[in-house]
Amino acid sequence: MSRYVVVTDDLGLLGLIGAAATGPLHGNVHRWQGSRLPERPAEVRNQLERPADLEVLILGPGMPLELALTLAAAFDVESPEVSVLLAGQPDPDIVLAALRAGVLDLLEPETGAAGVAALLHRAVRNAALHRRAVPVEQTTAEAPAGRVIAVVSPKGGVGKTTIASNLAVGLAKSAPHGTVLVDLDLQFGDVGSALSLSPEHSVSDAVYGPARRDTMVLKTFLSAHPSGLYALCAPESPDAAEGLTGEDIAHLLGQLASQYRFVVVDTAPGLSDHTLAALDQATDFLFVSGPDVPGVRGMRRELDVLAELGMQPLKRHMVLNGADFKAGVSLRDVEKVLGTSVDVVIPRSRAVALSTNQGSPLLNGSVRGPATKALQKLLARFTAPVAPARRFGPRHRIGA
Ligand SMILES: Nc1ncnc2c1ncn2[C@@H]1O[C@H](COP(=O)(O)OP(=O)(O)O)[C@@H](O)[C@H]1O
Ligand SMILES: [Mg+2]
């Protein structure tokens with residue numbers, strides 16, 4: 001199988017890519033052969049024994065920029081699941097043109113072994129996320145298909161569970177029996193309470209025993225909610241999940257993503273191993289920040305940490321919850337501290353607090369008002385038919 005295709009005569013770069021293609025990046029590197037350079041994706045695929053294995057295409061050095069961008073743009077349209085890297089100088093004109101052509105990253109001259117490996121890592125991850133974002137109907141039975149939405153924040157009490165349960169109920173209504181909500185706040189999770197469920201089984205049952213090996217068994221451990229949503233709640237006892245590893249969580253989410261169109265993951269505050277494992281599996285990061293200055297600063301630090309770890313989702317959603325701009329902090333102030341724009345603002349609302357106490361998410365009922373409207377706006381980000389955006393790494397990101 002050829003996981004990588006490189007169009008270049010640069011033996012140094014070929015050597016670096018070959019050296020990086022081990023461990024999780026393991027795969028064959030195919031060097032473009034032929035007297036002329038490829039102009040269309042079909043020409044690249046025709047040289048491969050198993051074209052479906054192609055994940056990363058590296059263009060240049062030595063490929064004329066215009067030709068490379070034409071080929072990159074054609075891949076972006078025909079096969080967005082293939083990540084394209086372009087060898088070139090990071091000058092603003094090239095970066096902008098490459099971004100428009102759907103290039104994922106620039107491979108700068110002088111990039112060393114570690115840099116090449118890091119770029120390949122991102123490219124492979126991006127390819128995997130794109131494969132997963134393809135609608136369920138278009139995927140093969142065994143391919144992981146669902147979108148995994150991790151709801152995270154550095155702090156507790158900011159609305160993660162409220163937002164996760166509303167989003168999950170809303171998604172369940174748009175795709176009945178296609179959504180599962182997982183409570184990864186394993187010690188003090190309250191998804192069961194938010195949905196008025198009395199679950200017979202919990203995450204720890206799902207991770208150990210036969211459910212781990214058999215997805216059909218796993219399905220019998222889920223609790224059904226009247227909206228059509230399935231939920232996997234946290235264990236009742238705070239120490240029941242002791243010893244559960246990030247790998248256990250990754251396996252569980254992979255199993256669920258292979259069966260459900262949407263897997264919404266509620267998390268504990270901060271970046272525990274479990275939350276990092278969920279983020280690693282996630283196609284979507286949904287950040288929830290409170291409107292207070294310390295909360296927003298904490299969120300900024302969390303964004304910085306994730307960027308340093310190289311963790312980039314396919315899509316990112318920034319929610320400001322409990323907003324009350326009379327408290328002396330404006331949306332502009334918040335965005336300035338965050339260094340990114342806020343996608344959805346949910347106002348502080350008595351209806352939300354009431355819905356928590358009643359164990360019935362707002363999107364499950366008929367209560368109207370500004371908070372319901374904001375939650376519907378958030379829901380529309382997942383149900384509206386949009387092509388997944390491609391983006392540059394932190395160094396090359398243009399806009400948010
Ligand atoms: N927009 C809002 N307006 C009013 N109360 C809210 C709002 N969002 C959340 N709450 C309340 O804040 C409390 C904590 O919310 P929760 O979703 O459990 O936070 P987390 O999961 O981040 O700890 C709950 O009682 C909830 O009803
Ligand atoms: Mg919570």
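**Figure 1. The salt bridge across the interface of domain 1 and domain 2.** In this predicted model, the rule finds 1 salt bridge across the interface of domain 1 and domain 2. Arg125 and Asp280 form a salt bridge in which the closest N and O atoms are 3.6 Å apart, a separation that falls inside the 4 Å limit applied to such pairs.

**Figure 2. The side of domain 1 that touches domain 2, with its polar contacts.** Between domain 1 and domain 2, the count of residue pairs in polar contact is 2, with both residues of a pair at pLDDT 80 or more. On the side of domain 1 that touches domain 2, the residues divide into 4 charged, 2 polar and 2 nonpolar.

**Figure 3. Contact and buried area between the two domains.** From domain 1, 8 residues are in contact with 13 residues of domain 2. The area that domain 1 and domain 2 bury between them is about 840 Å², and 48% of it lies on carbon and sulfur atoms.

**Figure 4. The placement of the two domains.** The domain assignment of the protein gives domain 1 as residues 2-133 and domain 2 as residues 141-383, and the C-alpha centres of domain 1 and domain 2 lie 34 Å apart.

**Figure 5. The protein as a whole.** The protein has 16 helices and 13 strands. Its radius of gyration is 22 Å, close to the 21 Å that the globule rule gives for 400 residues, so the protein is as compact as a globular protein of that length. Along the principal axes, the C-alpha trace of the protein spans about 70 × 55 × 35 Å.

Key:
Residues numbered from 1 in each chain as written. Chains lettered and ligands numbered in written order. Predicted model: local features only at pLDDT ≥ 70, side-chain atom pairs only at ≥ 80, totals over all residues. Heavy atoms only, no water. Domains from an automatic or database assignment. Contact = heavy atoms within 4.5 Å. Buried area = accessible area lost by both parts, 1.4 Å probe. Salt bridge = Lys/Arg side-chain N within 4 Å of Asp/Glu carboxyl O. Polar contact = N/O pair within 3.5 Å; in protein donor to acceptor, adjacent residues only side chain to side chain. Nonpolar A, V, L, I, M, F, W, Y, C, P; charged D, E, K, R; others polar. Helix = DSSP H or I, 4+ residues; strand = E, 2+ residues; numbered from the N terminus. Rg over C-alpha atoms; globule rule 2.2 N^0.38 Å.
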